[in-house]
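Please have the structure open as you read.

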Amino acid sequence: MNSSKNYILNVRNLVKYFPIKKGLLSRTAGYVKAVDDISFSVKEGEILGLVGESGCGKTTVGRSILRLIEPTSGEILFDDKDIIKLKGDKLRKQRKEMQIIFQDPFSSLNPRMTIGNIVKEPYEIHGVFKKKERMDRARDILMTVGINPNMLNRYPHEFSGGQRQRIGIARALALNPKLIIADEPVSALDVSIQAQIINLLVELQKKFSLTYIFIAHDLAVVKHVSDRIVVMYLGKIAEIADGSELYRNPMHPYTQALLSAIPIPDPLVKKQRIILEGDVPTPIDPPSGCRFHLRCRYRQEICTKETPVLEEKSPSHYVACHIVKNEKYNN
């Protein structure tokens with residue numbers, strides 16, 4: 001699954017548990033199992049969609065890869081270097097190659113800094129370019145993302161939500177990284193602006209040969225940008241497949257339910273909506289066996305007892321499901 005040399009990122013057995021503290025002595029009373037032993041790879045130059053309901057752990061995965069939060073265990077190999085083992089200057093140097101676009105363009109920009117200073121700040125932190133060059137570089141990048149460079153001395157509150165996200169994208173591009181993690185980059189924006197930002201991200205990916213991990217809860221958004229898609233549920237990976245294959249032949253019952261919720265812009269086409277039972281279980285005490293079995297319409301006894309392994313069911317199509325082995329569910 002990840003033996004090919006053209007993989008830029010290999011995540012292996014990644015685990016992230018958040019301790020729950022209680023009492024005056026702040027003793028650990030349990031753990032939130034946000035990400036629980038997941039593995040996947042990202043090819044150089046591709047857009048990998050990472051999708052799932054809120055609380056499934058997808059943002060935790062993105063932030064763990066960048067070491068914005070510390071993983072509990074596992075390996076994160078970027079260009080064959082284990083990010084988890086890097087410290088100090090080595091980690092800071094590695095971060096030049098990996099950047100993030102945050103979900104909320106309102107809180108991710110420093111309100112006390114002009115946008116020119118925001119975009120050139122990465123150059124100052126990493127000591128890149130001469131002082132005189134830095135603002136010129138910032139001006140060029142802002143122009144690339146569609147912001148008038150004459151606005152360099154304005155503050156974030158003087159821009160709309162879509163413009164602020166463009167500034168956030170410019171900041172992420174400043175150091176010419178190899179990998180960008182886009183953490184729900186359009187979910188906080190008006191629908192009318194979302195398409196513009198998505199088109200900009202795709203355009204920049206082609207122009208600068210970028211690699212993206214595109215995190216979203218909306219499969220309709222991910223469909224238009226992703227080469228491959230990873231579907232997560234309650235800290236586990238349910239399915240991995242090429243974008244077109246996943247939409248044509250979803251194998252996991254959870255993926256099938258997500259896809260059934262995507263509206264079709266044709267009043268003559270009737271689509272059967274799959275309504276999931278119950279609520280998402282708590283990651284503090286996830287169910288035994290398959291974590292989806294409490295809401296699955298196909299569940300069998302084995303689903304309650306054994307955790308399914310992520311297996312290749314068809315070429316480059318991986319599924320963690322017991323029932324998919326049955327001919328009834330194979331297309």
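Which residues of H3 are buried? In this predicted model, the buried residues in H3 are Ile115, Gly116, Ile118, Val119, Lys120, Pro122, Tyr123 and His126. The cover over the buried residues of H3 includes helix H2 (88–94), H4 and H5.

**The chain as a whole**

The chain has 10 helices and 12 strands. Its radius of gyration is 21 Å, close to the 20 Å that the globule rule gives for 331 residues, so the chain is as compact as a globular protein of that length. Along the principal axes, the C-alpha atoms fill a box of roughly 65 × 60 × 45 Å. Of the 331 residues, 51% are buried. If you count contacts between residues at least 6 apart in sequence, 63% of them join residues at least 24 apart.

**How the helices pack**

Two packed helices are described by the angle between their axes and the distance between the axes.

| Helix pair | Axis distance | Axis angle |
|---|---|---|
| H3 (residues 115–126) and H5 (residues 161–173) | within 7 Å | roughly 25° |
| H3 and H4 (residues 131–144) | 9 Å | about 120° |
| H5 and H6 (residues 191–208) | within 10 Å | roughly 20° |

Start with H3 and H5, whose axes cross at roughly 25°. An angle under 35 degrees counts as roughly parallel, so H3 is roughly parallel to H5. H3 passes H5 in a right-handed crossing. On the H3 side, the contact is made by Ile115, Ile118, Val119 and Pro122, and on the H5 side by Ile167, Ala170 and Arg171. By class, that contact has six nonpolar residues, no polar ones and one charged residue.

Now turn to H4, which packs against H3 at an angle of about 120°. H3 passes H4 in a right-handed crossing. From H3, the contact takes in Ile115, Gly116, Asn117, Val119, Lys120, Tyr123 and Glu124; from H4 come Arg134, Met135, Arg137, Ala138, Ile141 and Leu142. By class, the contact of H3 with H4 has seven nonpolar, two polar and four charged residues.

H5 has a further partner in H6, and their axes cross at roughly 20°. That makes H5 roughly parallel to H6. The crossing of H5 and H6 is right-handed. Here Gly162, Gln165, Arg166, Ile169 and Leu173 of H5 meet Ile193, Gln196, Ile197, Leu200, Leu201, Leu204 and Phe208 of H6. The residues of this contact divide into eight nonpolar, three polar and one charged.

**His126 and what follows**

Let's finish back in H3, the helix that holds His126. Which residues does His126 contact, leaving aside its neighbours within four places in sequence? They are Arg92, Lys96 and Leu175. His126 is also among the buried residues of H3. For a sense of scale, His126 and Gln205 are 79 residues apart in sequence and 23 Å apart in space, C-alpha to C-alpha. H3 is followed by Gly127, which has a positive phi, near 65°.

Conventions: Residues are numbered from 1 along each chain as its sequence is written. This is a predicted model: local features need pLDDT of at least 70, side-chain atom pairs count only at pLDDT 80 or more; totals for chains, interfaces and linings use all residues. Side-chain values use heavy atoms; hydrogens and water are left out. Axes are lines fitted to C-alpha atoms, for helices over the stretch in contact, and angles run from 0 to 180 degrees between N-to-C directions. Helices (H or I, at least four residues) and strands (E, at least two) are DSSP runs, numbered from the N terminus. Angles under 35 degrees count as roughly parallel, over 145 as roughly antiparallel, 65 to 115 as roughly perpendicular and the rest as oblique. A crossing is left-handed if the near helix is turned anticlockwise from the far one by less than a right angle, and right-handed if clockwise. Contact means heavy atoms within 4.5 Å. Ala, Val, Leu, Ile, Met, Phe, Trp, Tyr, Cys and Pro count as nonpolar, Asp, Glu, Lys and Arg as charged, and the others, Gly among them, as polar. The radius of gyration is taken over C-alpha atoms; the globule rule is 2.2 Å times the number of residues to the power 0.38. Buried means under 20% relative accessible area, exposed over 50%, partly exposed in between (1.4 Å probe, protein chains only).
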